[in-house]
Amino acid sequence: VKGSKFPIGETNILYTAFDLGSPAVCQNTIACNFDIIVKYTGGGGNTVQCGEISITSTSNSIEMEGQSGRNYFFKIHDLNNNWAEVFSCSFNCGNRETANLPPSTYLVQVYDSNWSLICEQEVNLVDNGSGLCGDNQDSDGDGVCNGVDNCLSTYNPDQADSDGNGVGDVCQENPPNSQLICQADIVVETNDPNGAIVTWDDPVIRPGTVCQPAPNFGLRQEQGLPKGSKFPIGETIIQYTIYDIGNNNGICGTFITCQFSVIVRSTGGNGGENNIQCGAINLNYTNNSIEMNGQNGQNYFFKIHDLNNNWAEVFSCSYQCGSSQTASNLSSGRYLARVYDDGWSLICEQEINLGASNRNATPSLATFTLFPNPAQESISIDLKEYAGKNADISINNIYGQIVYQQTIESLPADVLKIPLTHYLNGLYLVNIRLKNRVLKSERFLVKRLY
């Protein structure tokens, strides 16, 4: 409950609205949830639960313990030393191993007996003042080892980081222009077919060194429903802007924006029609039809593919389609609806399940793993399960600008490594599109301590 002392690691908080006299509101449970993440910056033993693995760390050791009677394999990498493998057990390990290590930032990996990765956890070993950092490992003498110090060359034992970007306040290098930092995507599950009420905190404004949001600036929401609204099933894009109140020309003549998604997923409900908002397109679907509606007066092109039948095109309109089209007499199964603007730019791509057993489920996109996160010199993307497939990979910064783009004809059977040498500290978004599917975008943070 709020006001409690939360343990190191991640705790999920779930709230529910209900009728005091009956089990649920209108027979549907209305719920929302969020995470509380407590990060350890030094001290004695601390425990993090990573799936079924319990990881206990002190200033100079990491203990990994799984379920009694089971056999696991254990690996630890030093993230401050080019991912050097500093501990490994791959034979007769049992359910518990301990590694004695100097203070640094480590990645713990635990595998089951079939070598399937079941736990991956970053762990900081820190000693605030007892000398365990060793020679030349505490450059500024503030008692925080170089591996985890958020400001290497400036004394800051409190490690204050007001904007949460991984760089200490005392050595923050602000960019010339101001920045607007939105939160991560919000995902809510609900039994209410009409959606869920969602709220959030306003974005953080990071002032620039040249163009700052002086007293004549304002913050406004430019896209999406306002916080506290009832959001429909599907994805809604939220965009904020800071601007000059006097002339509306933006800060130093440039509008500074950030955006995130509110994703509401249905977990069930009564039958009938379902609705998903896909950008500017509203998708309504029943057991055997999909209706696609855009903005009145606009012209769109529409296509639907049957994902259970080798991506067969089962509906197409590519000439004088207007703003609305309906595909009827569709069989139960998985479909991909695609909508293009009149310049044939893809503006909506949404997977839809038709069928009595799953008609209210909003399918989730397949995911991929990237590590380390936060990253410094490079990120590795694990796409082994898609080896041999064609893929388009792009990376966007927080302003939506594409900073990396590559087409790979045949994905390797090993992890894909992307260097980050020229990337500034900040948040980035990785987008991957395979030949016949789109993977869920993943965020990563570039966090250099120098």
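Predicted model: local features only at pLDDT ≥ 70, side-chain atom pairs only at ≥ 80, totals over all residues.
Q: How many helices and strands does the protein chain have?
A: Zero helices and 33 strands.

Q: What is the strand order in the open sheet of four strands?
A: The order is β23-β22-β25-β26, with antiparallel pairing. β23 (312-317) and β26 (346-354) are the edge strands, each pairing on one side only. From one strand to the next, the twist averages 20°, with axes as lines fitted to C-alpha atoms (for helices, over the stretch in contact) and angles running from 0 to 180 degrees between N-to-C directions.

Q: How do you know that β25 and β26 pair?
A: Count the bridges: β25 (residues 333-340) and β26 have eight of them, in the antiparallel sense. The requirement is at least two, so this is a pair. One of the bridges has Leu 336 with Glu 351 in β26 as its partner.

Q: Why is the link of Cys 50 and Cys 119 called a disulfide?
A: A disulfide is a pair of cysteine sulfur atoms within 2.5 Å. With 120° about the S-S bond, the link of Cys 50 and Cys 119 is right-handed. Cys 50 lies in strand β3 (residues 46-50) and Cys 119 in β10 (residues 117-124), so the pair ties together parts that are 69 residues apart in sequence.

Q: How many disulfides does the structure hold?
A: Five. Among them is the one formed by Cys 278 and Cys 348, with sulfur atoms 2.2 Å apart; that link is right-handed too, with 120° about the S-S bond. Cys 278 is in strand β19 (residues 274-278) and Cys 348 in β26, 70 residues apart. Another joins Cys 317 to Cys 321, S to S 2.1 Å, and with -115° about the S-S bond this one is left-handed.

Q: Why does Cys 278 count as buried?
A: Buried means under 20% relative accessible area, exposed means over 50%, and partly exposed is in between (1.4 Å probe, protein chains only). Cys 278 comes in at 9%, so it's buried. Cys 348, at 1%, counts as buried as well. Cys 317 is buried at 13%, and so is Cys 321 at 4%.

Q: What makes Cys 32 partly exposed?
A: Its relative accessibility is 34%, so Cys 32 lands in the partly exposed class.

Q: Is Asn 282 buried or exposed?
A: Buried: Asn 282 has 18% relative accessibility. Asn 282 is found in strand β20 (residues 281-285).

Q: What makes the link of Asn 282 and Gln 277 a polar contact?
A: A polar contact is a pair of N or O atoms within 3.5 Å; within protein, one must be able to donate a hydrogen and the other to accept it, and residues adjacent in sequence count only if both atoms are side-chain atoms. The side chains of Asn 282 and Gln 277 make theirs at 3.0 Å, so the distance qualifies.

Q: Which residue makes a polar contact of 2.5 Å with the side chain of Glu 63?
A: Arg 96, through its side chain. Glu 63 is found in strand β5 (residues 61-65). Leaving aside neighbours within four places in sequence, Glu 63 is in contact (heavy atoms within 4.5 Å) with residues including Ser 54, Ile 55 and Thr 98.

Conventions
Residues numbered from 1 in each chain as written. Heavy atoms only, no water.
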